[in-house]
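Please read this briefing with the sequence and the structure side by side. The topics are taken in turn.

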Amino acid sequence: MAMWDRIKDQAKGLQQSQGARSSGGHGRPASGSGGGSKAQLVGLLKTQLTSLKTELKSGSYRDASMAMCALVAAADGSVDPAERQHVESLILQNDVLQNFPPEQLRQRFNKHVDQLMFNFQQGRTEAMQEIAKAAKKPVEAKAVIQTGFVVAGADGYIAPAEEQILREACVALGVSPHEFGL
């Protein structure tokens, strides 16, 4: 669980440096290492993304994020209809992604999922190429990884296959995987 601690520390540091508002006074609630810490981490990453909402309006961020979400959903090699619907609802409820029309998000996400299910290796290559297009802007590149973490960690657990996808996306974006504890 050291990865979670490093990411949590990084997220907390970024949150403080961005002057984000704190939700509960001076300390963090129950800083134990129980199951709540993963939910806190996902919450911190969501807060970071929300603080960047006005900067994350480009088509390259939108498209890379949808490719990232599809790869995370398909990391284990399959996406059943319930999982597809769950990830789609996470996308549509994401505050930052509300910068874009829901139908654009849905269409791009489902296109990548369909490609991954038809031919996983080819779909993965195409999705990584889409992700790599966001590398030109470091803020967007990191936000794509954060979006992937938020979706992957929505269930309180990031599977090894999801970690591998996040690592590969870091490389494609020119972001150090160590920055995210990978």
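How many salt bridges does the count come to by the rule that a side-chain nitrogen of Lys or Arg lies within 4 Å of a carboxyl oxygen of Asp or Glu? The count comes to 9 salt bridges. This is a predicted model, in which local features need pLDDT of at least 70 and side-chain atom pairs count only at pLDDT 80 or more, while totals for chains, interfaces and linings use all residues. Residues are numbered from 1 along each chain as its sequence is written, and side-chain values use heavy atoms, with hydrogens and water left out.

**Salt bridge**

**Helix 4 with helix 3**

- Helix 3 (residues 59–73) and helix 4 (residues 81–93) have axes that come within 10 Å and cross at roughly 145°, where axes are lines fitted to C-alpha atoms over the stretch in contact and angles run from 0 to 180 degrees between N-to-C directions.
- Their crossing is right-handed, a term for a near helix turned clockwise from the far one by less than a right angle.
- Met66, Cys69 and Ala73 of helix 3 make the contact with Glu83, Val87 and Ile91 of helix 4, contact meaning heavy atoms within 4.5 Å.
- The residues of this contact comprise 5 nonpolar, no polar and 1 charged, with Ala, Val, Leu, Ile, Met, Phe, Trp, Tyr, Cys and Pro counted as nonpolar, Asp, Glu, Lys and Arg as charged, and the others, Gly among them, as polar.

**Helix 4 with helix 5**

- The axes of helix 4 and helix 5 (residues 102–118) also come within 10 Å, crossing at roughly 145°, and this crossing is right-handed.
- On the helix 4 side the contact includes Arg84, Val87 and Glu88, and on the helix 5 side the residues include Leu105, Arg106 and Phe109.
- By class, this contact of helix 4 with helix 5 has 7 nonpolar, 1 polar and 4 charged residues.

Terms used: Helices (H or I, at least four residues) and strands (E, at least two) are DSSP runs, numbered from the N terminus.
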